[in-house]
Structures are given as structure tokens and as C-alpha cells.
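Please consult the sequence and the 3D view while reading.

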Amino acid sequence: MKHFLYLSTLLLPLFLISQGCATIFGGRTNSMVFNGPADIQSQVFIDDTLVGQAPGKIVVPKQTIQHGSKLEIRADGYETQEYLILRKPHAGLVIADFVVGAVPLIFDTANGNILRPSPRKFDLDYTKQDSF
């Protein structure tokens, strides 16, 4: 029992130093919120892959969104809305990594866990499609 306590006392800080806050607390998904009129249903695509319906909240796996991904919102009879999604460091996680030490920031940056999509909230503006 004494050896277990001694070993866990040594290994726990080592584990926390080698794992960044984004790796531990960041999760495996990203959520995006789409605000708009409830009477118009649209489909949300990321890089030509259907990921959900709008308006509402969509949760996608973290690896679905890459830096420079194209998000499209398509609704029948309305113009397609396009957005460029960038991945930016999450300020809270960067600060948490600095509080613990600089080593976790290196791990979180290397594996991309510290990056979050930007923007994550969208106000939908439906414009009728011109018919010729």
C-alpha cells in the first residue's frame, strides 16, 4: 500500500505536466450554434459533408473541422450562405496551460487540441433566390 501511494504521488504530477489542459478538458467534439427563423429548415455542410440541420446546435467531431474548412448553409429557395472556418487558440486553455507550466502548451499545440473553430455562432440571414 505504501508503494502504491508513493508511486501515485510521483506519477500523477508527471501525468498532469505531460498532458495539457486542452487535452484533458477540451473534449472530442466542437459545437456550433445557428440562430435563425424556425420556419426555415436548412442543411449545414462542412467541406461538402452534411453535418446537421439549422437552426439549432450542431455537435461535430473535432477532426471534422480543419483550418480553412468551408461551411455552407443550404435551404431550398434561398441563396447558399458560405463561411470560412478558421481554427484559433482558445484563450482560456492557453492561460490554463501557462498556469500549470509551459510544457502542456507544447503538447496541446502539437496535437491541435488547443485550437477551436472560429466562428462558432452564426446568425442566419435567408435571402430569396432569384428565379430567372
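## Salt bridges

How many salt bridges does the structure hold? The structure, which is a predicted model, holds three salt bridges. Side chains of opposite charge can pair when their charged atoms come close.

One of the three salt bridges brings together the side chains of D48 and R74, with an N to O distance of 3.3 Å. D48 is found in the loop between β2 (42-46) and β3 (49-54), whereas R74 belongs to strand β5 (residues 69-74), so this pair ties together parts that are 26 residues apart in sequence. D48 counts as exposed, because its relative accessibility of 56% is over 50%. R74, at 29% relative accessibility, counts as partly exposed.

E72 takes part in two pairings: its side chain meets that of R74 in a salt bridge at 2.4 Å, N to O, and that of K70 in another at 3.0 Å, N to O. Salt bridges that share partners join D48, K70, E72 and R74 into one network.

Which category of exposure applies to E72, buried or exposed? With a relative accessibility of 6%, E72 counts as buried, because the value is under 20%. K70, by contrast, has a relative accessible area of 35% and is partly exposed.

Where does Q81 lie? Q81 is part of strand β6, which covers residues 81-89. The relative accessible area of Q81 is 10%, so this residue is buried.

Which residues does Q81 touch, leaving aside those up to four places away in sequence? The contacts of Q81 are L71, E72, I73, D123, L124, D125 and Y126.

## Contacts across the sequence

The backbone oxygen of D125 lies 3.3 Å from a polar atom of the Q81 side chain.

Conventions:
Residues are numbered from 1 along each chain as its sequence is written. This is a predicted model: local features need pLDDT of at least 70, side-chain atom pairs count only at pLDDT 80 or more; totals for chains, interfaces and linings use all residues. Side-chain values use heavy atoms; hydrogens and water are left out. Helices (H or I, at least four residues) and strands (E, at least two) are DSSP runs, numbered from the N terminus. Buried means under 20% relative accessible area, exposed over 50%, partly exposed in between (1.4 Å probe, protein chains only). Contact means heavy atoms within 4.5 Å. A polar contact is a pair of N or O atoms within 3.5 Å; within protein, one must be able to donate a hydrogen and the other to accept it, and residues adjacent in sequence count only if both atoms are side-chain atoms. A salt bridge is a side-chain nitrogen of Lys or Arg within 4 Å of a carboxyl oxygen of Asp or Glu.
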